[in-house]
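Please have the sequence and the coordinates open while reading.

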Amino acid sequence: LLAQADTLFRRGDYNGVISLLSPHVEGKSGSEALRIMVAKSYYRMREYDKAQEKLDPLLSFGNESPAALALSGWIWLKKDSFSQAQERFQKLKNMGKTGYEAQAEAGLGGVALLRSNGGKQEDINEAKSYLTRNVALEDPIPQTYMLLAQVYIYEHEFEKAIEAAQNAVN
């Protein structure tokens, strides 16, 4: 079932994923992997409230799923709810789970950068610190480079911005 949903997801058929998996994630039922796949599909369709709703059972206090925390952080960031996003990414970072450092660092960098829309130098510096640490990790995520490109644009370092953006797609 998950393999079939993954194929649909990679094709960009997010409605297909939701149709296939929704019966298996009603209420609080369904495995973590199925819930995450449905939530990611809603996220890609910019239906952030529905995505968050599918993640909520995976975010019970003390038993938070790292994957759900990461996706939830990006959802709150997209909704401009910076304190909620920061809380999720900080919890994720504090968990110290291998494989999620990049998500936490990039998310915290995104929060720092976007909360003042690049209007405060201290936020730009904080974002740059998180994002450059992220780039140094073994497996940085593409969002890191896009956010770092935005930092460089605010700093009028356009060649660095282009390079960072190119790294996001490579």
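Leaving aside its neighbours within four places in sequence, which residues is Gly110 in contact with?

## Gly110 and its surroundings

The model is predicted. In it, Gly110 is in contact with Leu77 and Leu147 once the neighbours within four places in sequence are set aside. Gly110 belongs to helix H7, which covers residues 101-114.

Gly110 has a relative accessible area of 0%. Because buried means under 20%, Gly110 is classed as buried. Arg46 lies 64 residues from Gly110 in sequence, and the C-alpha atoms of the two are 18 Å apart.

## Fold and dimensions

The protein chain contains ten helices and zero strands. Read from the N terminus, the order of elements is therefore α-α-α-α-α-α-α-α-α-α.

The C-alpha trace spans about 50 × 35 × 30 Å along its principal axes.

## Packing and contacts

Of the 170 residues in the protein chain, 45% count as buried. Among contacts between residues at least 6 apart in sequence, 46% join residues at least 24 apart.

## Surface and charge

The protein chain exposes about 9100 Å², of which carbon and sulfur atoms supply 49%. There are 20 positive and 22 negative side chains in the protein chain. The centres of these two sets lie 4 Å apart.

Methods:
Residues are numbered from 1 along each chain as its sequence is written. This is a predicted model: local features need pLDDT of at least 70, side-chain atom pairs count only at pLDDT 80 or more; totals for chains, interfaces and linings use all residues. Side-chain values use heavy atoms; hydrogens and water are left out. Helices (H or I, at least four residues) and strands (E, at least two) are DSSP runs, numbered from the N terminus. Buried means under 20% relative accessible area, exposed over 50%, partly exposed in between (1.4 Å probe, protein chains only). Contact means heavy atoms within 4.5 Å. Accessible areas come from the Shrake-Rupley method with a 1.4 Å probe; for residues, only the protein chains shown count as cover. Lys and Arg count as positive and Asp and Glu as negative; His and the chain ends are not counted. The place of a charge is taken as NZ of Lys, CZ of Arg, CG of Asp or CD of Glu.
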